[in-house]
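Here is a short briefing to read alongside the sequence and the 3D view. Take a look at the fold, and then we can walk through it together.

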Amino acid sequence: MRLLIVVLTFPLAAFSAKPNSEITFSADVAPILYSHCVSCHHAGAIAPMSLLTYREVRPWASSIRESVATRTMPPWKADPHYGKWSNDPTLSDREIATIQAWVSNGAPEGDPKVMPAVPVFSTDWKIGKPDAVIPIPRQSLQASGPDQYA
């Protein structure tokens with residue numbers, strides 16, 4: 001599997017805009033993650049870990065490299081042959097090459113002063129406020145009792 005990943009990602013190195021030694025989290029990787037990943041990868045969201053800071057991202061660098069190389073992250077199942085989607089989080093070849101180069105160079109942090117502003121996430125409804133919200137009364141069952149279906 002590792003050989004396959006190397007073979008799949010090797011040609012992407014040509015897409016990197018900077019020399020590998022100059023690619024840093026603060027200047028290059030954080031903007032990619034903020035654009036494509038952190039909508040799910042932040043505290044309280046659906047993903048299992050936050051990717052907002054260097055300290056949060058660094059332990060996951062190798063896994064991130066593998067996930068973007070195989071295009072399993074960010075997940076996107078829509079068929080690109082049937083339109084362009086406004087919410088498509090797919091990474092470009094250049095963005096993948098940047099992440100690959102960053103990890104290959106030891107995943108340096110860079111200057112924290114050049115970090116982009118951390119995105120602000122809404123605590124409101126994600127797909128618009130529903131017409132009605134129906135509260136469900138609190139339920140309590142005995143651990144030894146039968147299930148209640150009605």
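**Confidence**
- The average pLDDT of the protein is 86, and 87% of the residues reach at least 70.
- Residues 3–14 are a stretch to treat with care, as their pLDDT is below 50; in the model this stretch has nine contacts beyond near neighbours in sequence.
- Where pLDDT is low, the predicted coordinates should not be read in detail.

- The model holds two aromatic pairs.
- Phe 25 and Trp 102 have ring centres 5.9 Å apart and planes at 40°, an angle between the 30 and 60 degree cut-offs, so this pair counts as tilted.
- The pair joins distant parts of the chain, with Phe 25 in helix H2 (residues 25–36) and Trp 102 in helix H5 (residues 93–104), 77 residues apart.
- Both Phe 25 and Trp 102 are buried.
- Through ring pairs, Phe 25, Tyr 54 and Trp 102 form a cluster.
- Beyond residues up to four places away in sequence, Phe 25 touches a list of partners that includes Leu 33, Thr 53, Val 57, Pro 108, Glu 109 and Met 115.

**Helix H5**
- Is H5 mostly covered or mostly open? It is mostly covered, as nine of its twelve residues are buried.
- Among the buried residues of H5 are Glu 95, Thr 98 and Gln 100, along with Ile 96, Ile 99 and Val 103.
- At 1.5 Å a residue, the twelve residues of H5 should span 16 Å, and the C-alpha atoms at its ends are 16 Å apart, so the two values agree.
- Just after H5, Gly 106 adopts a positive phi of about 95°.

**Val 118, after H5**
- Val 118 sits in the segment that follows H5.
- The relative accessible area of Val 118 is 44%, which lies between the 20% and 50% cut-offs, so this residue is partly exposed.
- Which residues does Val 118 contact, leaving aside neighbours within four places in sequence? They are Tyr 34 and Leu 52.
- Val 118 and Leu 52 are 66 residues apart along the chain, while their C-alpha atoms are separated by 7.0 Å.

Definitions and conventions
Residues are numbered from 1 along each chain as its sequence is written. This is a predicted model: local features need pLDDT of at least 70, side-chain atom pairs count only at pLDDT 80 or more; totals for chains, interfaces and linings use all residues. Side-chain values use heavy atoms; hydrogens and water are left out. Rings of Phe, Tyr and Trp (its six-membered ring) pair if their centres lie within 6.5 Å; planes under 30 degrees apart count as stacked, over 60 as edge-to-face and the rest as tilted. Helices (H or I, at least four residues) and strands (E, at least two) are DSSP runs, numbered from the N terminus. Buried means under 20% relative accessible area, exposed over 50%, partly exposed in between (1.4 Å probe, protein chains only). pLDDT is the predictor's confidence in each residue, from 0 to 100. Contact means heavy atoms within 4.5 Å. The expected span of a helix is 1.5 Å times one less than its number of residues.
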